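Please examine the following model with attention to its aromatic rings.

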Amino acid sequence: MTQIYYTLKKKICSKLLYNSTNFLMTTIKRTRITNKDTILGVLHKHLSQPHEGDFYSSLENIDVAAIPLTKSECDHVVKLLWNNYVDTIKKEREKEKLLITNQDASMRIWYKTFGAKPFGEKSLFISLHGGGNAEPEFNDSQWENQKFLYTPEEGVYVVPRAPGNTWDLWHRPEIDHMFDRIIENMMIFEGVNPNKVYLTGYSAGGDGVYKVVPRTADRWAAANMNAGHPNDASPLGLRNTPFTIHVGAEDFAYDRNKVGQEWSDKLAELHKEDPNGYIYWAEIYEKMGHWMEGKEKDALSWMAHHTRNPIPDRVVWWQDTVTHDRFYWLALPENQVRQYTKVIVTRDGQNFDIQTKDYKNVIILLNDNMVDMDVPIRITMEEKVLFEGVVPRTIGAIARSLKQHGDPYLIFTGEVTICTEIA
């Protein structure tokens with residue numbers, strides 16, 4: 001029997017294709033709310049009160065968190081909660097523009113703005129320095145060099161100092177969260193457009209680009225790897241993130257030249273199989289070693305021509321050594337996430353199709369930019385219908401979305417958890 005998980009207040013695998021009980025319960029509950037004590041009134045009251053711990057976790061559990069919203073109510077809630085999110089960051093993170101901490105790690109930040117684009121329309125280039133397993137003074141010198149290595153035509157050019165001095169400078173577990181903080185801070189304090197965020201890196205910085213971008217591809221509009229090594233990274237997650245590779249043909253150390261060509265070949269094959277994805281540009285420079293004499297600088301203008309699509313029609317999610325529980329409009333239960341696993345979901349209008357052999361549950365995140373949320377959606381896997389119905393917009397879904405990513409283009413207002421019957 002086909003089973004589904006329907007996410008409202010509780011997640012229970014139902015033997016029904018569509019569980020209407022949840023809608024009945026929430027409809028009854030909604031009728032009990034008086035004009036004086038409306039959904040929005042409860043939310044405004046909650047916002048005005050002091051909170052201990054994570055605000056958005058508390059918001060998930062308020063009385064009206066699971067009650068369906070109309071589109072106009074939902075638009076109001078999204079605007080209200082996003083403005084609250086921005087105001088909170090402005091109060092709490094002013095000093096983070098120059099120093100980001102995550103547990104025991106600290107990342108110093110240097111940045112410079114080019115051009116005169118209006119607030120909210122600026123690009124963001126995060127540029128990763130080389131170095132690695134060396135004395136701090138050497139990595140400091142690489143940081144200083146990176147500050148003046150590239151000059152974008154416009155945008156905020158950010159050069160962080162790696163928090164450590166180990167060989168894996170830029171792909172340690174804490175790095176992903178710290179990059180999220182840079183993006184959020186630059187968006188809110190400097191007026192960066194989150195759909196115009198780019199990552200570049202040289203040498204060990206290139207290693208970081210190879211590793212970090214596929215596992216966090218939903219953050220980047222495009223990425224540029226220079227003179228690095230991918231280690232065990234896979235390009236599968238790059239389906240919606242244009243990627244450019246630059247390496248010298250005589251960069252023999254660690255076989256950087258060979259693996260650069262191998263990645264170029266892999267991306268070419270992936271693009272051939274999926275012509276709407278895996279956009280790439282690879283240059284292997286003849287008679288060039290580890291230093292490419294600035295020939296790679298054209299990559300910045302190439303990247304700048306690309307804009308992120310936060311809700312692509314196909315998502316290929318590959319879990320690396322550092323795992324995540326959300327990627328574009330997909331999510332996974334935290335207790336099921338594992339390294340080296342894959343989920344592919346394609347959407348066409350109101351229809352979704354899942355491909356996975358690795359997960360028992362897959363969560364589809366929704367908003368009105370993706371689908372008409374007043375009309376039923378249909379979710380299939382291997383030609384079996386796993387879910388068919390209307391997914392409500394709720395405050396709880398919006399709160400969970402903001403708790404995971406502070407990105408106005410990745411706010412999802414409804415969610416449905418699918419049981420794929422994978423043992």
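**Aromatic rings and their neighbours**

In this predicted model, Trp281 has a relative accessibility of 23% and therefore counts as partly exposed. The limit for a buried residue is under 20% relative accessible area. Trp302, at 18% relative accessibility, therefore counts as buried.

The ring centres of Trp281 and Trp302 are 6.1 Å apart and their planes meet at 50°, so the pair is classed as tilted. Planes under 30 degrees apart would count as stacked, and planes over 60 degrees apart as edge-to-face. Trp281 belongs to strand S10 (residues 280–285), while Trp302 belongs to helix H9 (residues 298–304); the pair therefore ties together parts that are 21 residues apart in sequence.

The model contains 17 aromatic pairs in total. One of them joins Phe55 and Tyr56, with 4.9 Å from centre to centre and 85° between the planes, an edge-to-face arrangement. Phe55 has a relative accessibility of 14% and so counts as buried. Tyr56 likewise counts as buried, because its relative accessibility is 8%. Phe55 and Tyr56 also belong to one aromatic cluster, together with Trp82 and Tyr85.

Aromatic rings may also be considered together with charged side chains. Lys147 lies over the face of Trp143, at 4.1 Å from the ring centre. At another site, the ring of Tyr359 has the charged end of Arg338 over it, 5.0 Å from the ring's centre.

Conventions
Residues are numbered from 1 along each chain as its sequence is written. This is a predicted model: local features need pLDDT of at least 70, side-chain atom pairs count only at pLDDT 80 or more; totals for chains, interfaces and linings use all residues. Side-chain values use heavy atoms; hydrogens and water are left out. Rings of Phe, Tyr and Trp (its six-membered ring) pair if their centres lie within 6.5 Å; planes under 30 degrees apart count as stacked, over 60 as edge-to-face and the rest as tilted. Buried means under 20% relative accessible area, exposed over 50%, partly exposed in between (1.4 Å probe, protein chains only). Helices (H or I, at least four residues) and strands (E, at least two) are DSSP runs, numbered from the N terminus. A charge sits over a ring if NZ of Lys or CZ of Arg is within 6 Å of the ring centre and within 35 degrees of the ring normal.
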